[in-house]
Amino acid sequence: MSAATTRSRTPDRLCAEAVGLARDAAEEAAAPGVVGEHVATLAEGDRVVTHLFECKEPGYRGWRWAVTVARASRAKVVTLDETVLLPGSDALLAPEWVPWSERLRPGDLGPGDLLPTEADDLRLEPGYTGEDEPVPNAAVSEEMAELAEAEDADLTAGSPAVLPVVPSRGSIASVAEELGMRRARVLSRYGLHIAADRWEESYGAKTQMAQAAPATCVSCGFLAPIGGSLGQAFGVCANEFSPADGHLVSLSYGCGGHSEAAVMPVPPRPAPPVIDETQVDVLPLRPEPDSGSVETGSPAEELGHS
């Protein structure tokens, strides 16, 4: 071990004694009353010492005010080097910074917010704009263009910005429009796969609802089909009583609202009643005068009747 290393690990006596100078510098940099007790003295090098003071600032638990002092060779005066607030071993620190694109979660986008997509987003790939030649395996390949030319089809050139809203029938642009490729960028195979995995996780065959369902959505009358390649595995639920109403569901998903799972029978019509109990029969409290066997005004007294 060299002599210089030995000297650097031993605090300089004059610098170590300059606690008052270090405290004054810390109190000048901090707010009043937030500089606590002197907690440590660290040797930074030859005639360079750092004094640590406790920080009482709310929200800075475990932090230390670090004041570094030094003196020149053979000098008797200690001077101030720097004052800084540093975290200790048990300090309360903010979490590691994460870019906004990695912090974003579904549902964070609100009204008026703009979510830019990267130019090299793996979920997207260039669509057919008419400016570049399509790839050989594209639906609007050179072979299709030759076929359209052989059939005297109208080949429209230009980007989608200058093309009409509805392309001419039989043109390459109309084919691209029908296939959903007449956009600057379209979903890539990777984008399709991650979207399908996400939807399958929410409304797929492995969900608890689908496991208890009497049948799958592929045979449900409330399933609204969708176009494109995703239509082979997904559809939109149109049952207002289903938990997946308005959501994209897997064809292997299912719930208790299946249209054919429990068809309600037609309720039977009851037979007409034999006795109509809805009518009221009027019964007199006293019999009518002419309802008996003896007529009114008969000679009952003459016959000896009282």
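In the predicted model, Phe-53 touches Val-19, Ala-22, Arg-23, Val-35, Gly-36, Glu-37, His-38, Val-39, Trp-63, Arg-64, Trp-65 and Val-67, where a contact means heavy atoms within 4.5 Å and residues up to four places away in sequence are not counted. A second, separate core of eight residues includes Cys-237, Ala-244, Val-249 and Tyr-253. A nonpolar core is a set of buried Ala, Val, Leu, Ile, Met, Phe, Trp, Tyr and Cys residues joined through side-chain atoms within 4.5 Å; buried means under 20% relative accessible area, exposed over 50% and partly exposed in between, with a 1.4 Å probe and protein chains only.

The largest nonpolar core holds 18 residues, of which Val-35, Phe-53, Trp-65, Val-67, Val-69 and Val-78 touch the most other members. At least two residues of this core come from each of helix H2 (13-16), helix H3 (19-29), strand S2 (48-55) and strand S3 (63-70). S3 provides the largest share, four residues.

The chain contains eight helices and nine strands, taken as DSSP runs numbered from the N terminus (helices: H or I, at least four residues; strands: E, at least two). Of its 306 residues, 24% count as buried. Among contacts with a separation of 6 or more, 50% join residues 24 or more positions apart.

Residues are numbered from 1 along each chain as its sequence is written. Local features need pLDDT of at least 70 and side-chain atom pairs count only at pLDDT 80 or more, while totals for chains, interfaces and linings use all residues, and side-chain values use heavy atoms, with hydrogens and water left out.
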